[in-house]
Amino acid sequence: MKFLVNLRNNLKPNFEEGGKFHYLRSVFDGFDSFLFVPNNTAKSGSHIHDAVDSKRVISFVVIALLPALLFGMYNIGYQNALAAGKLAETGCCEMFLYGMLQVLPKIIVSYIVGLSIEFAWAQWKGEEIHEGFLASGIIIPMIIPVGCPLWMLAIATAFAVIIGKEIFGGTGMNIFNPALVARAFLFFSYPTMMSGDKVWVANDTFFGLGNELPDTFTAATPLAEVAGGNYNGCICDAIIGTIPGSIGETSVIAIALGGLLLLFTNVASWRTMLSVFVGGAVAGLIFKATGQTTIEWYEHIVLGGFCFGAVFMATDPVTSCRTSCGQYVYGVLIGLVAVTVRVLNPGYPEGMMLAILLMNMFAPLIDYCVLQRNISKRAKRATK
């Protein structure tokens with residue numbers, strides 16, 4: 001570590017004003033901030049100083065995502081072996097390695113495209129490079145089907161970083177969750193690669209791993225089966241995660257482990273997280289009671305991307321509500337809208353993406369209404 005510190009100190013003058021590579025100062029600062037703890041603090045004004053900076057917050061998010069990511073890798077191999085009828089003769093390690101070879105290229109493409117744009121944008125604007133995409137870069141591959149081509153992922157990532165983030169001012173200024181912007185771009189631009197029966201199971205081989213399936217093979221997600229009126233799946237499979245779905249969204253147990261870490265470290269708001277589940281449960285009960293759906297409220301919770309969205313995306317501190325009361329309202333509305341879209345629009349059985357993006361747009365208004373209500377209450381107390 002001392003060697004790296006000395007190397008950094010020797011190189012730093014070349015990237016400062018007047019140095020030989022001063023035009024690459026943003027790039028140097030980005031690597032410096034990533035490798036070392038910055039020792040700069042505010043010199044004026046009232047500030048609270050502690051050890052939790054944005055880099056540590058993003059690190060906790062990435063660590064919390066690992067259980068869902070690792071299980072997603074295993075599930076890719078599991079679904080491939082199940083579809084080929086070779087589940088009994090395929091080992092767990094082989095399934096995991098096959099899934100890892102499917103997912104790693106997507107993560108690499110996401111990071112290369114996203115970080116390249118972030119670095120180029122910071123250089124162009126002469127600003128610091130922020131760590132926000134370190135979380136978005138791993139979430140984007142986790143919320144798409146395994147059959148999504150790499151070139152589509154690259155285009156969607158570029159769109160999310162430029163249109164969903166940088167034009168608003170970068171990390172901390174964006175209105176919409178960048179990962180969901182990427183998924184929405186793919187869903188509306190290439191709908192056949194984001195839904196249907198042929199995109200959820202990997203259909204090729206790597207170094208002798210996996211099985212190449214017939215072109216006629218299809219595998220619908222449980223939510224698609226619900227929309228088609230022929231769902232007879234086991235709730236235990238949905239909780240464990242051994243069902244077709246987006247790479248990181250199938251296992252409730254793995255997502256719950258990540259959620260507990262976020263709550264323990266105070267990175268995510270428990271008010272928002274709990275309210276999303278409450279809103280989804282209430283909507284599920286209402287539609288079940290009125291005969292609009294045939295599945296129970298808890299099945300809405302465990303199927304599709306509901307849990308992943310509630311834990312990792314609805315709680316995004318940048319795009320969600322900041323006030324305590326607003327977080328309750330924000331979360332409940334996400335749950336209500338997500339289940340409503342699922343039930344009333346059979347052509348789009350997964351409503352979590354649209355629900356969160358819609359509430360991202362209304363989060364500032366919700367906070368504004370909460371603050372104005374508090375101001376009015378205090379003004380009335382002051383006049384008494």
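Student: Before I count anything, what counts as a helix or a strand here?
Tutor: Helices are DSSP runs of H or I with at least four residues, strands are runs of E with at least two, and both are numbered from the N terminus. Please keep in mind that this is a predicted model.

Student: What about contacts, how far apart in sequence are the partners?
Tutor: If you take the contacts between residues at least 6 apart in sequence, 70% of them join residues at least 24 apart.

Student: Which residues of α14 are buried?
Tutor: Among them are the glycines Gly 326, Gly 331 and Gly 335, together with Tyr 330, Ile 334 and Arg 342.

Student: Switching topic: how do α11 and α13 pack?
Tutor: In general, two packed helices are described by the angle between their axes and the distance between the axes. For α11 and α13 (residues 306–313), the angle is about 150 degrees and the axes lie 8 Å apart.

Student: Why do α11 and α13 count as roughly antiparallel?
Tutor: Angles over 145 degrees count as roughly antiparallel, and α11 and α13 are therefore roughly antiparallel to each other, with a crossing that is right-handed.

Student: Which residues meet there, between α11 and α13?
Tutor: Met 273, Val 276, Phe 277 and Gly 280 in α11 meet Phe 306, Cys 307, Ala 310 and Val 311 in α13.

Student: Now the loop between α10 and α11, what is the phi of Asn 266 there?
Tutor: Asn 266, in the loop between α10 (252–264) and α11 (270–289), has a positive phi of about 60 degrees although it is not a glycine. Most residues other than glycine have a negative phi.

Student: Is Asn 266 buried or exposed?
Tutor: Asn 266 counts as exposed because its relative accessibility is 66%.

Student: And Thr 265, how far is it from Val 61?
Tutor: Thr 265, which is found in the loop between α10 and α11, counts as partly exposed at 22% relative accessibility. Thr 265 and Val 61 are 204 residues apart in sequence, yet 9.8 Å apart in space from C-alpha to C-alpha.

Notes: Residues numbered from 1 in each chain as written. Predicted model: local features only at pLDDT ≥ 70, side-chain atom pairs only at ≥ 80, totals over all residues. Heavy atoms only, no water. Buried < 20%, exposed > 50% of the residue type's maximum accessible area, 1.4 Å probe, protein only. Contact = heavy atoms within 4.5 Å. Axes fitted to C-alpha atoms, helices over the stretch in contact; angles between N-to-C directions. Parallel < 35°, antiparallel > 145°, perpendicular 65-115°, else oblique. Left-handed = near helix turned anticlockwise from the far one by under 90°.
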